[in-house]
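Please look at the sequence and structure first.

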Protein chains: 2
Amino acid sequence: MRLRVDLVPQPDLTYSDVVLVVDVIRATTTAAAFLEAGAKELYLTASRETARNFKDHDVVIAGEEGGLMPAGFDFGNSPREALGAAVGSKIVVMSTTNGTKAAHLAANSARHVLLASLYNAHAAARLAHDLASEEVAVLCAGKEGRIGLDDTYTAGVLAEFLQIMGSYDLEDGALTALATRRTYPDPSEPLHLSGAAQALRQVGLEADVAFCAQIAASPAVPLLEGRVGEALIFRRGQRSNGSQSQIPAV
Amino acid sequence: MRLRVDLVPQPDLTYSDVVLVVDVIRATTTAAAFLEAGAKELYLTASRETARNFKDHDVVIAGEEGGLMPAGFDFGNSPREALGAAVGSKIVVMSTTNGTKAAHLAANSARHVLLASLYNAHAAARLAHDLASEEVAVLCAGKEGRIGLDDTYTAGVLAEFLQIMGSYDLEDGALTALATRRTYPDPSEPLHLSGAAQALRQVGLEADVAFCAQIAASPAVPLLEGRVGEALIFRRGQRSNGSQSQIPAV
């Protein structure tokens with residue numbers, strides 16, 4: 001099995017098998033938190049305008065622009081807020097700057113797309129390992145075309161978990177992510193050092209960084225199940241042996 | 001002063017000040033080796049066809065295609081061969097797959113462009129530090145749009161040297177490169193693990209990897225001085241205090 005890590009999305013990259021999309025601060029953490037809070041489905045849209053068009057009585061709209069909640073949205077992109085949101089049996093439509101775009105890039109070619117973060121790292125790695133037949137790729141969303149230390153670190157954590165479960169051939173991106181993971185034993189450090197955390201600090205949302213730095217606190221893994229228009233539909237991924245409600249032992 | 005590391009060239013990136021272009025296996029190592037062997041100038045062309053057009057009695061053409069010497073060229077892209085080449089007072093025209101393209105990207109916007117490798121790392125970091133007024137950027141050539149462990153590691157070595165000479169603000173790319181450097185105390189290890197080394201192994205040129213893994217063996221730093229057509233003209237960079245012929249003490 002191959003393990004590949006792309007530290008920056010590139011429009012011409014294609015994926016043959018399983019992709020773990022990572023935007024740890026904050027989109028993929030928040031996505032898992034909405035499922036954890038009971039949301040029935042997540043729709044990811046590449047643009048805020050498309051997100052607004054989905055508004056309905058059983059639909060809430062979440063996302064950010066410059067880190068803050070856009071006009072007409074119900075929620076921002078805060079995982080703390082998402083976990084406490086009254087979204088039981090509702091559809092959550094999300095649109096963010098980097099994470100939802102990376103998910104669309106992956107969905108153009110991959111067989112399976114999962115949203116991964118530190119928050120659901122064990123479960124996401126386990127589900128990716130179960131689904132993969134030849135390759136697990138981690139696609140880091142980064143920040144406006146540049147790599148993010150937070151996403152690179154998270155890719156390293158996922159790579160570490162995957163290596164516990166099986167034998168993987170590692171390419172340069174995976175080795176770089178693993179090196180970053182090994183340099184920082186405490187996840188708070190790289191997350192707080194990252195440009196994404198600095199941007200949150202400027203808008204007073206630094207408390208979200210500590211939430212995003214929790215490792216394997218949730219078994220909720222958003223798994224791509226289909227599309228409606230250009231929106232990607234994610235539901236909570238089930239492991240084939242039905243143990244999805246437990247954090248997998250790795 | 002800012003220190004920025006871009007681990008993959010992106011067409012829309014721009015640079016405001018000094019750029020160290022890194023393609024350690026092998027183009028930027030080979031470029032320094034040609035200057036070390038006495039070449040008067042290096043011309044870097046983005047295409048092999050343009051390189052061939054420069055052929056003349058005092059010009060030699062060097063480069064690779066799939067790791068090997070293209071038809072009509074005088075030399076491949078081997079730094080071992082370059083160091084022993086009879087190129088005294090000649091112009092060497094180079095065209096390679098990743099490194100020369102990254103140099104052209106940097107040259108589109110930067111004030112100063114230097115070619116850096118482990119081989120000339122001390123001197124390249126020192127010259128970049130001397131020339132910079134606001135930012136030193138390291139642009140890693142990578143391999144066909146993906147990051148290279150070898151280039152990321154070299155960027156980390158350069159970042160380490162720059163930090164010895166002054167106070168730099170580090171962004172996510174620089175922190176990732178430094179993490180990679182710290183994970184591998186011996187440069188041979190990441191260089192041999194890289195995809196670039198694997199590709200050389202397949203064409204029987206693995207001995208070049210050991211050459212590329214030498215740290216600070218040469219004070220020769222190619223510095224962009226102008227253009228002729230689309231070719232970039234590099235000459236040996238001089239430090240302002242004239243101590244360029246010595247490996248700078250850092």
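Leaving aside neighbours within four places in sequence, B:T30 is in contact with B:N77, B:S78, B:P79 and B:A82; two residues are in contact if their C-beta atoms, placed from the backbone, lie within 7 Å. The model is predicted, so local features need pLDDT of at least 70 and side-chain atom pairs count only at pLDDT 80 or more, while totals for chains, interfaces and linings use all residues. Residues are numbered from 1 along each chain as its sequence is written, and chains are lettered from A and ligands numbered from 1 in the order in which they are written.

**Around B:T30**

- B:T30 is placed in helix α1 (residues 27-36) of chain B; helices (H or I, at least four residues) and strands (E, at least two) are DSSP runs, numbered from the N terminus.
- B:T30 counts as buried because it has 34 C-beta neighbours inside 10 Å.
- A residue is buried if 20 or more other C-beta atoms lie within 10 Å of its own, exposed if 12 or fewer, and partly exposed in between, with C-beta atoms placed from the backbone.
- Between B:T30 and B:L7 there are 20 Å, C-alpha to C-alpha, at a sequence separation of 23 residues.

**How the two chains meet**

- Chain B gives 22 residues to the contact, and chain A gives 22 residues.
- On the side of chain B that touches chain A, the elements giving two or more residues are α6 (149-165) and α7 (172-183) of chain B.
- The largest share of that side, eight residues, belongs to α7(B).

- α6(B) has 17 residues and spans 25 Å from its first C-alpha to its last, close to the expected 24 Å; the expected span is 1.5 Å times one less than the number of residues.
- Of the 17 residues of α6(B), 13 are buried, so this helix is largely enclosed by the rest of the structure.
- Helix α7 (residues 172-183) of chain A has twelve residues and reaches 17 Å between its end C-alpha atoms, close to the 16 Å expected.
- Ten of the twelve residues of α7(A) are buried, among them A:D172, A:L175 and A:R181.

**A hairpin in chain B**

- Strands β9 (residues 222-228) and β10 (residues 231-236) of chain B run antiparallel and are joined by six bridges; two strands pair if DSSP finds at least two bridges between them.
- B:V228 has B:A231 in β10(B) as its bridge partner.
- Two residues lie between β9(B) and β10(B) in this hairpin, and B:G229 in the turn has a positive phi of about 60°.

**Buried residues elsewhere**

- A:V209 lies in helix α10 (residues 207-212) of chain A and counts as buried, with 22 C-beta neighbours inside 10 Å.
- Not counting residues up to four places away in sequence, A:V209 touches A:I25, A:L191, A:H192, A:A197 and A:L200.
- The C-alpha atoms of A:V209 and A:D150 are separated by 9.9 Å, although these residues are 59 apart along the chain.
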